[in-house]
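Thanks, everyone. I'll walk through one model today and keep it quick. Please have the viewer open.

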Amino acid sequence: MDEEFSLDDPTQLLASASEFAHHPGVQNDAATKDFLDRFPLPVIISALQTKADVPGLETALAACLERVFKTKYGASLIPHYMSFVQVGLKADSQIVRCLACRTVSSFLENFDDKSISSIRLIIDYDIYPLLLDCLINGNEQVATAAIDAIKNLAQVPEGMGIIFPSNINDVTHLGNLASRCTSLGRARVLSLIVKLFSISSTVASVIYNSNLLTLLVAEIRNSKDTLVTLSALELLYELTEIQHGTEFFSRMSIQLLHSIISNSSLESILRSRAMVISGRLLSKENIYMFVDEPSANGVISAINVRLGLLDSQDTDECECALEALGQIGSSIQGAVLLLSSFPPAARHIVHAAFDRQGRGKQLAALHALANVAGENRPEDCVILNGDAEENLRRLIYEVASESSKLTPSGLFLSVLQQAAEFRFAGYRVTTGLVARSWGLMEICSKPEIINMVTDPSIETTKIAMEARYNCCKAIHRAFISSKLVSDPALSGIAGKLQEAVQRGPYLTRKHTEATPVVMTAERF
């Protein structure tokens with residue numbers, strides 16, 4: 001930069017830049033213009049390039065410029081300083097590289113001058129290859145900022161052609177880039193692909209048709225490094241959470257997850273993570289439009305086999321397996337699959353839910369049973385088909401008959417008499433099962449259960465209070481619409497439930513009145 005723009009004493013600039021950067025709230029165009037009138041951009045850039053050894057100056061100026069460029073006025077100046085952005089992307093300083101990446105994002109987000117082509121500037125200054133270099137070789141903050149900038153570029157219509165070149169041999173093609181990287185660089189490229197995939201179904205379609213998702217599959221299948229595989233599985237988990245991702249990746253991912261869960265030679269943590277991801281994927285409402293029943297049953301069977309082998313050997317993997325089955329059972333199709341196989345995969349859930357040998361295992365199983373019973377499904381989707389319902393009833397009665405409690409009502413009560421986290425899970429289970437006539441009869445046969453779910457003082461946390469109240473409402477709704485309402489032996493239940501429902505979920509004092517307090521005055 002020209003010497004006239006340098007500062008011999010940057011103290012005033014440091015103080016003003018820090019003040020601007022840390023000003024509470026959003027800086028507006030007027031404040032930005034006022035600041036740049038006092039310290040023109042060339043002065044700030046010159047100080048950033050020549051005074052980096054001044055303690056705190058580089059950090060303060062980078063934070064200041066980031067806020068400047070986030071304003072409309074600041075973004076309008078970026079085209080005149082693209083050479084600075086270009087140099088910044090190649091800088092040795094990670095702080096400056098991060099600033100340059102974020103400046104590109106601000107430019108793409110806020111620049112609205114139709115007379116200048118933003119894409120033309122990106123191409124002319126070779127910005128995209130430099131962003132890729134920041135992604136691969138920058139520190140974590142720089143890599144994150146580079147991903148954000150590339151995501152913004154993808155949302156500009158002409159930007160798609162830059163990120164996804166038609167020539168697969170192009171050096172910037174993400175497939176080629178991944179093949180040349182270290183394991184860390186490859187993980188970052190895969191993360192970029194997943195982030196781009198999340199933008200829209202249009203971008204997802206381009207990525208799918210470019211076979212870029214196969215890079216993630218290959219990373220999971222071929223890596224001998226547990227941490228690398230685990231990192232790739234986390235990216236797969238992100239994909240399953242993307243709403244429009246189901247149609248593109250479900251079949252491929254289900255097959256992949258099945259192979260991991262079935263592989264006993266792998267680390268337990270990999271199988272556990274694959275189970276959780278499978279559960280998430282198969283809990284989606286529209287998943288069975290893209291995954292056929294045999295494939296879903298294959299995953300359920302693989303989890304089932306692992307539960308049979310584990311027993312009490314690996315509690316973490318066992319809990320993950322139960323959680324996964326619970327996630328699958330949260331949808332009506334999934335619950336039917338869990339209860340319709342032979343023997344039913346749900347048997348592991350029911351047995352573990354009332355086995356007090358392992359706290360974490362029992363808690364996971366109780367929540368899984370609540371999902372299968374339909375606690376989190378709409379009212380018209382709680383009851384399953386005839387065979388599934390019969391198997392659910394049979395499993396619970398079998399477990400009860402083999403226990404010291406002898407009846408399902410005894411099992412339900414024993415859960416509600418445990419610690420707070422078990423009561424919370426027990427409320428969920430009861431809420432789901434009470435929709436069945438046999439479940440309602442069992443619950444109403446134990447006055448202690450009714451007393452607990454109608455007692456507003458039993459819980460102390462908001463989430464538990466609401467779970468108890470929802471359970472109470474579900475019992476009341478099922479009771480007043482059943483034949484039990486005319487049973488003289490149960491005549492007191494309806495009134496008790498009605499009163500509890502009207503009272504609401506939170507503890508309120510009855511008939512509280514103000515009373516005078518008489519005491520002697522304090523004298524000094």
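Start at Gly-308, which sits in helix 19, residues 293-310. This is a predicted model, so keep that in mind throughout. Is Gly-308 buried, exposed or partly exposed? The relative accessibility is 49%, so Gly-308 counts as partly exposed. The cut-off for exposed is over 50%. Now look across to His-348. Gly-308 and His-348 are 40 residues apart along the chain, yet their C-alpha atoms are separated by 8.2 Å.

Compare that with another pair. Leu-227 and Gly-386 are 159 residues apart in sequence, and their C-alpha atoms lie 45 Å apart in space. Leu-227 belongs to helix 16, residues 226-241. With 64% relative accessibility, Leu-227 counts as exposed.

Next, the whole chain. DSSP runs give 30 helices and 0 strands. What does the radius of gyration say? The value is 31 Å, well over the 24 Å that the globule rule gives for 524 residues, so the chain is more spread out than a compact globule. Along the principal axes, the C-alpha atoms fill a box of roughly 95 × 80 × 40 Å. Even so, buried residues make up 52% of the 524. The chain exposes about 25100 Å², and carbon and sulfur atoms supply 52% of that area. On contacts, take residues at least 6 apart in sequence: 69% of those contacts join residues at least 24 apart.

Now two helix pairs. First, helix 15, residues 213-222, and helix 17, residues 246-262. Their axes are 11 Å apart and the packing angle is about 5°. Angles under 35 degrees count as roughly parallel, and helix 15 is therefore roughly parallel to helix 17. Which residues make the contact? Helix 15 brings Leu-213, Leu-216, Val-217, Ile-220 and Arg-221, while helix 17 brings Phe-249, Met-252, Leu-256 and Ile-260. By class, the contact of helix 15 with helix 17 has 8 nonpolar, no polar and 1 charged residues.

From helix 24, Ile-396, Tyr-397, Val-399 and Ala-400 meet Pro-408, Leu-411 and Phe-412 of helix 25. The class count for helix 24 with helix 25 is 7 nonpolar, no polar and no charged residues.

The relative accessible area of Ser-272 is 7%, so Ser-272 is buried. What does Ser-272 touch, beyond neighbours within four places in sequence? Asp-316, Glu-317 and Cys-320.

Last, the backbone details. Where is the cis peptide bond to Pro-343 coming from? From Phe-342, with omega near -5°. Pro-343 sits in the loop between helix 21, 332-340, and helix 22, 346-353.

Then two positive phi values in residues other than glycine. Asp-126 has phi of about 55°. The loop between helix 8, 118-124, and helix 9, 127-137, holds Asp-126. A relative accessible area of 43% makes Asp-126 partly exposed. Asn-211 has phi near 60°. Asn-211 lies in the loop between helix 14, 201-209, and helix 15.

That's my tour. Over to you.

Definitions and conventions. Residues are numbered from 1 along each chain as its sequence is written. This is a predicted model: local features need pLDDT of at least 70, side-chain atom pairs count only at pLDDT 80 or more; totals for chains, interfaces and linings use all residues. Side-chain values use heavy atoms; hydrogens and water are left out. Contact means heavy atoms within 4.5 Å. Helices (H or I, at least four residues) and strands (E, at least two) are DSSP runs, numbered from the N terminus. Ala, Val, Leu, Ile, Met, Phe, Trp, Tyr, Cys and Pro count as nonpolar, Asp, Glu, Lys and Arg as charged, and the others, Gly among them, as polar. The radius of gyration is taken over C-alpha atoms; the globule rule is 2.2 Å times the number of residues to the power 0.38. Buried means under 20% relative accessible area, exposed over 50%, partly exposed in between (1.4 Å probe, protein chains only). Accessible areas come from the Shrake-Rupley method with a 1.4 Å probe; for residues, only the protein chains shown count as cover. Axes are lines fitted to C-alpha atoms, for helices over the stretch in contact, and angles run from 0 to 180 degrees between N-to-C directions. Angles under 35 degrees count as roughly parallel, over 145 as roughly antiparallel, 65 to 115 as roughly perpendicular and the rest as oblique.
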